[in-house]
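Colleague: Could you walk me through how the helices pack in this model?

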Amino acid sequence: MAEARTSDEQNAAYARAGDSVTVLTELNAVSGSLDADQKLIIKRNYDHLEHEIARDDLGSNDISSWAALIAAAKTKETA
């Protein structure tokens, strides 16, 4: 198991994850199918969020919307 992160490290990880949230939100909104590069980008970003969820140490940061965002991204990736 990974070493527990400090509060500052948790907040920094959450901020980085926010970039993935932005990318996924933008790609989920693309009309029609994604191209191959977009599919790689969407996968890399939902993998990042899944990794952060699995670590289960983001403190009081709100990740409640991530599961739905990840599910939508996986659907978009395979469309």
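Modeller: Happy to; a few notes come before the questions. This is a predicted model, in which local features need pLDDT of at least 70, side-chain atom pairs count only at pLDDT 80 or more, and totals for chains, interfaces and linings use all residues. Residues are numbered from 1 along each chain as its sequence is written, and side-chain values use heavy atoms, leaving out hydrogens and water.

Colleague: Is L58 buried or exposed?

Modeller: L58 sits in the loop between α2 (36-55) and α3 (66-78), with helices being DSSP runs of H or I of at least four residues, numbered from the N terminus. Beyond its neighbours within four places in sequence, L58 is in contact (heavy atoms within 4.5 Å) with residues including Y14, I63 and W66. Buried means under 20% relative accessible area with a 1.4 Å probe, protein chains only. L58 has 6% relative accessibility, so the word is buried.

Colleague: What is the orientation of α2 to α3?

Modeller: Axes are lines fitted to C-alpha atoms over the stretch in contact, and angles run from 0 to 180 degrees between N-to-C directions. The axes of α2 and α3 come within 10 Å and cross at roughly 155°. Angles over 145 degrees count as roughly antiparallel, so α2 is to α3 roughly antiparallel.

Colleague: And how many residues in the contact of α2 with α3 are charged?

Modeller: On the α2 side, K39, K43 and E50 are among them, and α3 brings residues including K74, K76 and E77. Asp, Glu, Lys and Arg count as charged, and Ala, Val, Leu, Ile, Met, Phe, Trp, Tyr, Cys and Pro as nonpolar. The contact has eight nonpolar residues, and the charged ones number seven.

Technical notes
Helices (H or I, at least four residues) and strands (E, at least two) are DSSP runs, numbered from the N terminus. Buried means under 20% relative accessible area, exposed over 50%, partly exposed in between (1.4 Å probe, protein chains only). Angles under 35 degrees count as roughly parallel, over 145 as roughly antiparallel, 65 to 115 as roughly perpendicular and the rest as oblique.
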